[in-house]
Amino acid sequence: MATLRELKGRIGSVASSEKITGAMKMISSAKMHRAEAELRRQLPYRTQIETIIGNLLSADAEFSSPLTETRDVKRVGIVVLGSDDGLCGGYNINIFKELLARLKECREQWGENVDFTIFTVGRKIHKAVRKLVDPHISVVNSEEVNSKSANDVIKTFAETLSTQFLAGELDAVKLLYMNFQSVSRQRLRYEQYLPIDAASFSAEGVKELCRPYIFEPDAATIFRSVLPMFLLSVMQEVFTENRASEQAARIMAMQSANDNAKNLLEQLQLEYNKLRQQSITTELLDIIGGQVKN
């Protein structure tokens, strides 16, 4: 049985842990709200670009771009976004499990000999993905590109993916990340990044404004100019979604740890009080026993 001193030490340790998890929850909450605000700021920009593309597609003109070119898929790039830091529950584990399922799905669709280049964003997810041993899988990780990357780094990363696609080094690029919906709800999302499916703009409900337009320069040139801007806006949004989802997962993990610490603290406090009461009772009995003998 533990002594009073040992129990007192354990109570102090658990109480300190409770304060730490509470503070970490507050910090993660502040970071998540900043990411949410960033998402709201990015939305009008992407919406405007999609509206421009929707209006271009509604015009009576022929549109083509190397970024929309589809070809036989032999080399696939998958951008997997995770976290750089831990203490966020099963966040990275769930993403890694989804990656394994998507790799299997790609092989069923394009054959067993398809080659994969996995671009990992975040130290924790890179640590998990690099353990994959497969001659058809190569893992690429850049220290500059992480879950906290600034917009200029994200822009360079997006341009690198586009360059590899245009050069034929990749036939398709996919994105795998956590879509932020609320503090308690994040969903895994797997979507195509390249080639761009121009037909999806109208399918996603882009508003086509019924107004006469005069395009300067011609509509096809504008179309080719806007597509890289669209790709950049998508990548920026994905990175921000990842940051918000990571912090939301950390909030839930810290809340769970905080609740467990409170329960453990109550149990230890109860055990301490019982042991202390038992000790007092024993001392009283010894005193009374000594008086009776005298």
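The largest nonpolar core in this predicted model has 33 residues, and Val 79, Tyr 193 and Met 235 touch the most other members. A nonpolar core here is a set of buried Ala, Val, Leu, Ile, Met, Phe, Trp, Tyr and Cys residues joined through side-chain atoms within 4.5 Å. Buried means under 20% relative accessible area, exposed means over 50%, and partly exposed is in between, with a 1.4 Å probe and protein chains only. The elements giving two or more residues to this core are α1, β1, β2, α4 (151–166), β4 (172–182), β5 (185–194) and α6. Helix α6 gives the most, with 10 residues. Those element names come from DSSP runs numbered from the N terminus: helices are H or I with at least four residues, and strands are E with at least two.

A word on the ground rules. Residues are numbered from 1 along each chain as its sequence is written, and side-chain values use heavy atoms, with hydrogens and water left out. Since this is a predicted model, local features need pLDDT of at least 70 and side-chain atom pairs count only at pLDDT 80 or more, while totals for chains, interfaces and linings use all residues.

Now the strands. Two strands pair if DSSP finds at least two bridges between them. Which way do β1 and β2 pair? Strand β1, residues 75–81, pairs with β2 in the parallel sense, over 7 bridges. Within that pairing, Ile 78 stands opposite Ile 118 in β2. To get from β1 to β2, the chain passes through helix α2, residues 91–110, and this β-α-β crossover is right-handed. Right-handed means that, with the strands pointing away from the viewer, the path from the first strand over the helix to the second runs clockwise.

Phe 116 has Ile 137 as its bridge partner in β3. Here too there is a right-handed β-α-β unit, made of β2, helix α3 (residues 123–129) and β3.

Back to β1. Strands β1 and β4 are joined by 5 bridges and run parallel. Val 79, one of the core residues that touch the most other members, has Leu 175 in β4 as its bridge partner. Leu 175 also stands opposite Glu 191 in β5. Strands β4 and β5 pair in the antiparallel sense over 9 bridges, and they form a hairpin with 2 residues between them. Another facing pair is Tyr 177 and Arg 189, the latter in β5. As for cover, 9 of the 11 residues of β4 are buried.

Most residues other than glycine have a negative phi, and most peptide bonds are trans. Leu 87 is not a glycine, yet has a positive phi of about 60 degrees. Leu 87 sits in the loop between β1 and α2, and counts as exposed because its relative accessibility is 54%. The other spot is the bond between Leu 194 and Pro 195, which is a cis peptide bond with omega about -5 degrees. Pro 195 lies in the loop between β5 and α5 (200–203).

Two pairs of residues next. Thr 156 is in helix α4 and, at 46% relative accessibility, is partly exposed. Gln 267 is in helix α6 and is exposed, at 53% relative accessibility. Gln 267 and Ile 196 are 71 residues apart in sequence, and 58 Å apart from C-alpha to C-alpha.

Last, the second largest pocket, with about 210 Å³ of space. On a 1 Å grid over the protein atoms alone, a pocket is an open set of points with protein on both sides within 12 Å along at least five of seven lines, and lining residues have an atom within 4 Å of a point. Grid points are joined across faces, edges and corners, and the volume is the space filled by probe spheres set on the points. The elements that give two or more residues to the lining are α1 (4–58) and α6 (219–293). Of these, α6 gives the most, with 4 residues. The lining includes Lys 31, Arg 34, Ser 147, Arg 243 and Glu 246.

Definitions and conventions:
1 Å grid on protein atoms, 1.4 Å probe; cavity = no way out; pocket = protein on both sides within 12 Å on 5 of 7 lines; lining within 4 Å.
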